[in-house]
Amino acid sequence: HTHTHSDTTHSHTHTNTIYPSVCPQVGNYKRAVKRFDDGHRLCNDLMGCLQERAKIEKAYGDQLTAWSKRWRQLIEKGPQYGSVERAWLAVMTEAEKVSELHQEVKNNLVNDDVERVKNWQKEAYHKQIIGGFKEAKEADEGFKKAQKPWAKKLKEMETAKKGYHMACKEEKLAAAREANGKTEASVTPDQQKKLHEKVDKCKQDSQKAKEKYDKSLEELNKCTPQYMESMEQVFDQCQQHEVKRLTFLKEALLDIKRHLNLTENQSYGAIYRELERTILAANTQEDLKWFSNNHGPGMHMNWPAFEEYNPDQASAPPKKKKPDGAPPTPSTDHVAPPGDRSSVSSYDKNQAYSTEWSDDEQPATYSGNENGGNGNSFEDDSSTGKGAGAGAGAGGGGGVRVRALYDYDGQEQDELSFKAGDELIKTEDEDEQGWCRGRMDNGREGLYPANYVEPI
């Protein structure tokens with residue numbers, strides 16, 4: 001009997017997961033109710049996800065701008081010239097424009113997409129004062145109401161099943177005692193009769209319990225179709241809410257994709273078309289011609305001409321006025337980061353050169369010439385007239401080695417230009433105006449502000 005009823009029980013409990021099984025746990029619909037809480041939390045997750053991406057977009061835009069600013073200054077001060085310089089600078093312009101587009105992406109994510117999710121969440125989920133959401137509470141109550149009659153019948157069936165199984169157990173024990181009594185001589189006929197009567201009674205009790213169990217199971221099965229229909233109605237209402245959420249999410253993600261996909265932005269393509277035009281416009285021959293006219297044979301030649309004596313002109317060169325103010329604060333915009341200096345040219349296209357193009361200029365590193373190794377044949381006599389010691393100090397091996405603390409761009413032809421970190425030789429001490437004379441490692445000599453360097 002037990003095996004038969006066990007089969008019957010399983011045949012009626014193989015239903016959809018929202019229906020409780022015959023195990024004591026009633027309430028498998030809880031997952032469907034929890035989906036409301038999950039939906040609200042997922043809106044928060046999506047907003048957090050978009051805000052993080054917006055920060056990334058802003059950081060990337062800021063980095064592009066800083067990179068463009070730094071390299072624009074380096075290129076403009078560096079040795080590249082002409083149309084190729086303009087083409088190189090166009091890459092910096094590209095970075096600035098792309099930076100603006102990424103800032104726009106950030107604004108769209110925060111102002112449009114996040115706000116849209118926040119507003120939808122507010123309309124779709126209504127918080128209760130006692131906690132939880134109105135939609136989840138209504139679903140939970142709907143499931144409980146639909147389940148209540150069936151759950152009551154289920155409990156009755158469980159009680160009947162338990163009673164029947166207990167009766168079967170008692171019947172089995174009584175039959176075993178009767179069988180043992182027949183084999184034992186100590187059991188009297190009267191006792192055997194009582195044992196037999198006990199077995200008959202247990203059989204009757206077992207039969208009654210079986211009938212009760214069958215009846216309760218039949219009643220439960222009669223309730224099942226109505227129970228399934230009621231539960232499915234509540235479940236469908238939950239599904240309808242979830243349809244709205246999933247549909248909204250899909251539309252929102254399409255909008256997000258549109259904001260992220262810069263290739264759909266017309267101005268994005270225009271940036272690279274403009275960059276390509278500028279690069280293709282670079283003209284090698286024009287650049288070479290420009291260089292020749294400004295730094296080669298084509299430049300204006302200031303040939304020597306006879307000059308009358310002018311007593312008004314001072315015999316000694318005018319003294320430099322004191323450098324303005326204190327040295328500037330070092331800035332990463334002008335100085336390459338540590339470890340990166342080898343990748344940046346320290347050449348300054350604006351530093352002063354001779355106004356004439358001639359092969360008479362000799363590198364000042366050659367010593368032993370007619371001026372005692374000074375290397376500058378146009379130097380006034382005062383620098384070479386201080387005796388042998390002064391001549392040696394200003395020449396190849398003398399002087400104090402110093403290191404530049406800041407960048408300095410020479411404003412006049414007799415001034416040196418250097419970058420922070422460059423080393424040079426101080427050949428004359430600071431004068432009353434705050435200037436020193438020194439020599440760069442490339443042999444170039446000139447004046448520089450004393451407070452821009454430190455001794456090594």
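A: Here is a short tour, one topic at a time.

A: This is a predicted model: local features need pLDDT of at least 70, side-chain atom pairs count only at pLDDT 80 or more, and totals for chains, interfaces and linings use all residues. Residues are numbered from 1 along each chain as its sequence is written, and side-chain values use heavy atoms, with hydrogens and water left out.

Q: How many helices and strands are in the protein chain?
A: The protein chain has nine helices and five strands. Helices (H or I, at least four residues) and strands (E, at least two) are DSSP runs, numbered from the N terminus.

Q: What pattern do they follow along the sequence?
A: The pattern reads α-α-α-α-α-α-α-α-α-β-β-β-β-β.

Q: What share of the residues is buried?
A: Buried residues make up 32% of the 456 residues in the protein chain. Buried means under 20% relative accessible area, exposed over 50%, and partly exposed in between (1.4 Å probe, protein chains only).

Q: Helices next. At what angle do H2 and H3 pack?
A: Helix H2 (residues 30–77) packs on helix H3 (residues 82–124) at about 165°, and their axes are 8 Å apart. That makes H2 roughly antiparallel to H3. Axes are lines fitted to C-alpha atoms, for helices over the stretch in contact, and angles run from 0 to 180 degrees between N-to-C directions. Under 35 degrees counts as roughly parallel, over 145 as roughly antiparallel, 65 to 115 as roughly perpendicular and the rest as oblique.

Q: Is the crossing of H2 and H3 left-handed or right-handed?
A: Left-handed. That term applies if the near helix is turned anticlockwise from the far one by less than a right angle; clockwise is right-handed.

Q: Which residue classes are in that contact of H2 with H3?
A: There are 22 nonpolar, eleven polar and eleven charged residues. Ala, Val, Leu, Ile, Met, Phe, Trp, Tyr, Cys and Pro count as nonpolar, Asp, Glu, Lys and Arg as charged, and the others, Gly among them, as polar.

Q: And how do H4 and H5 cross?
A: The axes of helix H4 (residues 134–183) and H5 come within 7 Å and cross at roughly 165°. So H4 is roughly antiparallel to H5. Their crossing is left-handed. The contact of H4 with H5 holds 25 nonpolar, eleven polar and 15 charged residues.

Q: Where is Arg245 found?
A: Arg245 sits in helix H5 (residues 189–260). Arg245 is buried, with a relative accessible area of 10%. Its side chain makes a polar contact with the side chain of Glu242 (2.8 Å). A polar contact is a pair of N or O atoms within 3.5 Å; within protein, one must be able to donate a hydrogen and the other to accept it, and residues adjacent in sequence count only if both atoms are side-chain atoms.

Q: Now the strands. In what order do they form the sheet?
A: Five strands form an open sheet in the order E4-E3-E2-E1-E5, with antiparallel pairing. E4 and strand E5 (453–455) are the edge strands, each pairing on one side only. Two strands pair if DSSP finds at least two bridges between them.

Q: How many bridges join E3 to E4?
A: Five bridges join strand E3 (residues 435–440) to E4. Arg437 has Leu447 in E4 as its bridge partner. Four residues lie between the strands of this hairpin, where Gly443 takes a positive phi near 95°.

Q: Are the faces of E4 covered or open?
A: Both are covered: Glu445, Leu447 and Pro449 on one side and Gly446 and Tyr448 on the other are all buried.
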